[in-house]
Amino acid sequence: MAEITPFPLVEISGSPRERGRMYGEKARERILLSAGLYTDQLHRLGFDDANIERLVTAFLPRIREWAPDLVTEMEGIAEGAGIDLSAIVLINARTEVLQLARLEAGVGDDDPDGCTGAVLLPEVTQDGTVIHGQNWDWRAECADSSIVLRILRDDGPDILTFTEAGGLARSGFNSAGITITANYLESERDYRDMGIPLPFIRRRALEAQHFALALRVVAITPKSGSNNMMLSTAEGFAVDLECAPDEVFPIYPENGMIVHANHWQSGVALSKLKETGLASVPDSLYRDQRVWKVLKEGGEKLGADDLKRAFFDDFGSPFCVCRAPLAKEGGNLSATVAMIICEPAKGFMDIAPLPALNRTFTRYELAMDEAALAKAAGATVDAVGKGKRWSASS
């Protein structure tokens, strides 16, 4: 691992192709690292370049039909970075491609894309605004191949998202106050059919002007595999969607909070499908409970520091909420790559790379829409019962 440094901020604007070219040029070095990481992983599974191309390009017609503008943006990224389009598709469909490759090779997944996420609603926060964050558990090398992307759009809300370089979106929020994070889930329904890769769904959700439309994207878009996506709005509400490939199961806030790790929680979901992921992430059964416990110990009103404290929890180390780099049986180096804390009403996101080793956060900002600020201020008034409205300068 190189020295732990903040994730670089890459700002892009213009048409989809212009945005892509700008992205590829500004983040070329990290994009090459991202593409190389997954190409090498597929090589280790026994796939040569021709078979990697086959696996990756199988997704392109479906993606192009669903989101032609995002394919255009990926083409721009490839042009700007000086690599093939298939490498950018691989970065954005790596979860699906790696799982399909493992199925073909007849090997299991020794290093799933973990994560522990949480959202705190205005009724339990100190200043009456939404705080939404997660620990992203994945390949430790991604600390050197991830970025923060600020997308200035002419056709909808601007976006601030943490993502692997070359990726369209992962965790973040938009200028309308909508935030999304995601965690690994697994069921017996996975990889029977080809769906839309997850980063495209997250990006479309972040492009939504309204919370309902962001939920709609996640709820109705067919997926190849299961996934959990937690969405919140600065207006003061959140819904967690446990997603099977063909069905979603909502989980609503309890006592002003939602916490989710990597196992199914919905009783309805568990009555209809089989949980198959716990062999890979047995620690999920206590990680969410540990976050709940630390948050409850923080008092009646919580702040961003309380959520960070919960995400730093090291109970059960090395299989804990905040993981130091750990070599797995298959050779992968797993870790909590980033701790991400979003406060959309304030227009900023704090991120610490490899937080088990480094507790230094960098703040990234996004100018919020006036309408989003007004709605967030209304949520604050409702939450704290005061007549004073929160403002961007407070």
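Two strands pair if DSSP finds at least two bridges between them. Helices (H or I, at least four residues) and strands (E, at least two) are DSSP runs, numbered from the N terminus.

## Basis of the model

This is a predicted model: local features need pLDDT of at least 70, side-chain atom pairs count only at pLDDT 80 or more, and totals for chains, interfaces and linings use all residues. Residues are numbered from 1 along each chain as its sequence is written, and side-chain values use heavy atoms, with hydrogens and water left out.

Strands of a sheet pair through backbone hydrogen bonds, either parallel or antiparallel. Here 8 strands form an open sheet with mixed pairing, in the order 1-4-5-6-7-8-9-10. Its edge strands are strand 1 (9-13) and strand 10 (247-251), and each pairs on one side only. Neighbouring strands of this sheet are turned by 20° against each other on average, direction ignored. Axes are lines fitted to C-alpha atoms, for helices over the stretch in contact, and angles run from 0 to 180 degrees between N-to-C directions.

Ala244 stands opposite Glu247 of strand 10. Helix 9 (residues 211-220) lies across strand 7, strand 8 (227-233), strand 9 and strand 10. Helix 9 runs at about 10° to strand 9.

Strand 2 (residues 116-120) is largely enclosed by the rest of the structure, because 5 of its 5 residues are buried. Buried means under 20% relative accessible area, exposed over 50%, partly exposed in between (1.4 Å probe, protein chains only). Thr116, Ala118 and Leu120 point one way; Gly117 and Val119 point the other way.

Strand 2 has 5 bridges to strand 3 (residues 131-139), and the two run antiparallel. Strand 2 also has 4 bridges to strand 11 (residues 257-260), again antiparallel. Ala118 has a bridge partner in each: Gly133 in strand 3 and Val259 in strand 11.

## Helix 1 against helix 5

The axes of helix 1 (residues 16-26) and helix 5 (residues 68-81) come within 6 Å and cross at roughly 35°. The contact (heavy atoms within 4.5 Å) involves residues including Arg17, Arg21 and Glu25 of helix 1 and Asp69, Glu73 and Glu79 of helix 5. By class, it has 4 nonpolar, 5 polar and 8 charged residues. Ala, Val, Leu, Ile, Met, Phe, Trp, Tyr, Cys and Pro count as nonpolar, Asp, Glu, Lys and Arg as charged, and the others, Gly among them, as polar.

## A buried glutamine

Gln41 sits in helix 2 (residues 28-44). Gln41 is buried, at 5% relative accessible area. Its side chain makes a polar contact of 2.7 Å with that of Arg139. Such a contact is a pair of N or O atoms within 3.5 Å; within protein, one must be able to donate a hydrogen and the other to accept it, and residues adjacent in sequence count only if both atoms are side-chain atoms.

## Backbone exceptions

Most residues other than glycine have a negative phi, and most peptide bonds are trans. Tyr191 has a positive phi, near 60°. Tyr191 lies in the loop between strand 7 (178-184) and helix 8 (198-206), and counts as buried at 19% relative accessibility. Leu354 has a positive phi of about 40°. Leu354 lies in the loop between strand 14 (348-353) and strand 15 (362-365), and is buried with a relative accessible area of 4%.

A cis peptide bond joins Ser317 and Pro318, with omega about 10°. Pro318 is in the loop between helix 12 (304-311) and strand 12 (326-327).
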